[in-house]
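Please keep the sequence and the model in view while reading.

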Amino acid sequence: MLFLIFTADIPQTGHTTIASFADDVAVLFANEYPVSATRHLQTHLNSLAEWHTRWRIQVKQAKSVQVTFTTRTNVCPSLTIKNAPIPVAAEVKYLGLHLEQRLTWQTHIRAKRRQLDIKFRQMLWLLRRNSKLFLNNKLLLYKVVLKPIWSYGVQLWGCAKPARLKTIHRFQSKLLRTIENGPWYVSSRLLHNDLHIPSITDGIQRVATTYNDKTHNHANDLFEHVYNNGPTDRRLRRTWPADLERHRNDVP
């Protein structure tokens, strides 16, 4: 709380958007011209540098990353903080989410799968077929320990292509088969129905619907404005996070 009060007067501009969570700060600008985007971002960074100097806040340029989110080949020119260049990268990890240049969520899903495999191997002695734990306890371990790993931020990355979501689908099916000691010829759908565990797609849609309902009923009107005020130009045939709740209504 004291840190938020101390940084409450952080400089802002009418062109760029600043998003901060504790000491993690992101400066965003959307424009079809890379040079124009860099110019506005650099102006904001210069004001931030003066603010840092005035309040004696140290910023490490090496820990900062410049990413151009685009489907084109050209990227924005390099930015600087206090005349030191900011490293340019094709992806960045921000608040636990891996954001790559084309926003396909491929890197994030692969990272979650690796994390799930590591945690699953650590818990295998509790979840495997000859474990003495009851089935309900095994399911509880999955819901408390493993499910939060892949479900974090699913309101955003849940809009990834179905082919990418299959990476998490396969892990959950493998896990449920291990927990129930199901033979190879039992289908994954039957395992989900017997254990009352929704599929990854159904789980994503349920979380998105719940989140969307909370957004519309939130006491702060600005919250709904931020969530629903997105770009209207939809040239790419992609599913957007706001579409997940609509798809849920289309399911019979």
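Gly 96 touches His 108 and Tyr 152, residues up to four places away in sequence not being counted; contact here means heavy atoms within 4.5 Å. Although Gly 96 and Tyr 152 are 56 residues apart in sequence, their C-alpha atoms are 8.3 Å apart in space. The model is a predicted one, in which local features need pLDDT of at least 70 and side-chain atom pairs count only at pLDDT 80 or more, while totals for chains, interfaces and linings use all residues. Residues are numbered from 1 along each chain as its sequence is written, and side-chain values use heavy atoms, with hydrogens and water left out.

Gly 96 is located in the loop between strand 5 and strand 6. Helices (H or I, at least four residues) and strands (E, at least two) are DSSP runs, numbered from the N terminus. Gly 96 counts as partly exposed because its relative accessible area is 23%. In this scheme, buried means under 20% relative accessible area, exposed means over 50%, and partly exposed lies in between (1.4 Å probe, protein chains only).

Strand 5 (residues 91-94) pairs with strand 6 in the antiparallel sense over four bridges; two strands pair if DSSP finds at least two bridges between them.

**Positive phi angles**

Most residues other than glycine have a negative phi. Which residue of the hairpin of strand 5 and strand 6 takes a positive phi? It is Leu 95, with a phi near 55°, in a hairpin that has two residues between the strands. Leu 103, also not a glycine, has a positive phi of about 55° and is found in the loop between strand 6 and helix 3 (106-127). His 196 has a positive phi of about 60° and sits in the loop between helix 7 and helix 8. Just after helix 2, Arg 56 takes a positive phi of about 55°.

Leu 103 counts as partly exposed because its relative accessibility is 36%. His 196 counts as exposed because its value is 68%.

**Helix 2**

Helix 2 (residues 34-55) has 22 residues and reaches 31 Å from its first C-alpha to its last, close to the 32 Å expected at 1.5 Å a residue. The expected span is 1.5 Å times one less than the number of residues. Its buried residues include Leu 41, Leu 45, Leu 48 and Trp 51. An α-helix has 3.6 residues a turn, so residues three or four places apart point the same way. The buried residues of helix 2 pack against helix 1 (2-6), strand 1 (17-21), strand 2 (24-28) and strand 3 (80-81).

**Empty space in the model**

Rolling a probe the size of a water molecule over the atoms shows where empty space is left. On a 1 Å grid over the protein atoms alone, a cavity is a set of points where a 1.4 Å probe fits but cannot get out, and a pocket is an open set with protein on both sides within 12 Å along at least five of seven lines; lining residues have an atom within 4 Å of a point. Grid points are joined across faces, edges and corners, and a volume is the space filled by probe spheres set on the points. A search of the whole structure finds one cavity of 30 Å³ or more.

| Space | Volume | Lining by class |
|---|---|---|
| Second largest pocket | About 270 Å³ | two nonpolar, seven polar, three charged residues |
| Largest cavity | About 30 Å³ | four nonpolar, three polar, one charged residues |

For these classes, Ala, Val, Leu, Ile, Met, Phe, Trp, Tyr, Cys and Pro count as nonpolar, Asp, Glu, Lys and Arg as charged, and the others, Gly among them, as polar.

Helix 6 (162-180), helix 7 (188-195) and helix 8 (200-216) each supply at least two residues of the pocket lining. The largest share, four residues, comes from helix 7. His 196 is one of the lining residues of this pocket.

Helix 4 (residues 135-151) gives the most to the lining of the largest cavity, with three residues. Gly 203 also lines the cavity and lies in helix 8. Gly 203 counts as buried because its relative accessibility is 15%.

**The whole chain**

The chain has ten helices and six strands. Its C-alpha trace spans about 65 × 40 × 40 Å along the principal axes. Buried residues make up 35% of the 252 residues.
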